[in-house]
Amino acid sequence: MIKTFLALCATSAGLYTCVPEPPAYGGLPCAEWAPAALEAGWTEDDLDKLLPIIWRESRCQPDAIRYSGSGQPIDVGLLQINQVHKPMLAERGFTHEQMTDPRANLWFGRLLWRWWEDRGGCGWSPWRGRC
């Protein structure tokens, strides 16, 4: 199912600002990352959920980083890979900082999705997605 996204608007200090609609192809945001996602092992069927998650998590920005109050990176990259996955990343030869590489991020995101699915869970759980 393809969804349409509306601009998000808010007022701050009397000013009215909007986050523009995400760039879309066929109604999906972050479509520019679809080829890389497919190369990383995601399926065409996954894109209806994956691309909106990328929009929500990073606004399609591969270098998006959310920092803790002490300035430490917590979530990194397109899929905002959380720091709790550092051991899993290290087992595969990656660092948390390397998750700003979009292909590495999408590959690890797919691995994480499969990890949840293989254990009887919902692969979309790390991103609070519905199954």
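**Tryptophans, core and disulfides**

Modeller: Trp116 is partly exposed, with a relative accessible area of 31%. Partly exposed means between buried, under 20% relative accessible area, and exposed, over 50% (1.4 Å probe, protein chains only). This is a predicted model: local features need pLDDT of at least 70, side-chain atom pairs count only at pLDDT 80 or more, and totals for chains, interfaces and linings use all residues. Residues are numbered from 1 along each chain as its sequence is written, and side-chain values use heavy atoms, with hydrogens and water left out.

Biologist: How many aromatic pairs does the structure hold?

Modeller: Six. Rings of Phe, Tyr and Trp (its six-membered ring) pair if their centres lie within 6.5 Å; planes under 30 degrees apart are stacked, over 60 edge-to-face, and the rest tilted. One of the six is Trp42 with Trp127, edge-to-face at 6.5 Å centre to centre and 65 degrees between the planes. Trp115 and Trp116 are also edge-to-face, at 5.8 Å and 75 degrees. Trp115 counts as partly exposed, at 35% relative accessibility.

Biologist: Back to Trp42 and Trp127. Buried or exposed?

Modeller: Both are buried. Trp42, Trp127, Trp113 and Trp124 form one aromatic cluster.

Biologist: What else is Trp42 in contact with?

Modeller: Contact means heavy atoms within 4.5 Å. Leaving aside neighbours within four places in sequence, the contacts of Trp42 include Ala37, Leu50, Leu79, Leu106, Gly109 and Arg110. Trp42 is also among the residues with the most contacts inside the largest nonpolar core, along with Ile54, Leu79 and Leu106. That core has 31 residues. Helices H1 (34-39), H2, H3 (86-91) and H4 (102-118) each give two or more residues to the core. A nonpolar core is a set of buried Ala, Val, Leu, Ile, Met, Phe, Trp, Tyr and Cys residues joined through side-chain atoms within 4.5 Å.

Biologist: New topic. How many disulfides?

Modeller: Two, counting cysteine sulfur atoms within 2.5 Å. Cys30 is joined to Cys60, S to S 1.9 Å. Cys30 lies in the loop between strand E4 (28-29) and H1, and Cys60 in the loop between H2 and strand E5 (65-67), 30 residues apart. The torsion about their S-S bond is about -80 degrees, so this disulfide is left-handed.

Biologist: And the second one?

Modeller: Cys122 and Cys131, with their sulfur atoms 1.5 Å apart. Their link is right-handed, with 85 degrees about the S-S bond. Cys122 is buried, at 15% relative accessible area, whereas Cys131 counts as exposed at 64%.

Biologist: Last one: what does the side chain of Asn82 make a polar contact with?

Modeller: The side chain of Asp75, at 2.7 Å. A polar contact is a pair of N or O atoms within 3.5 Å; within protein, one must be able to donate a hydrogen and the other to accept it, and residues adjacent in sequence count only if both atoms are side-chain atoms. The Asn82 side chain also reaches the backbone nitrogen of Val84 at 2.9 Å. Asn82 is in strand E7 (residues 81-82).

Key: Helix = DSSP H or I, 4+ residues; strand = E, 2+ residues; numbered from the N terminus.
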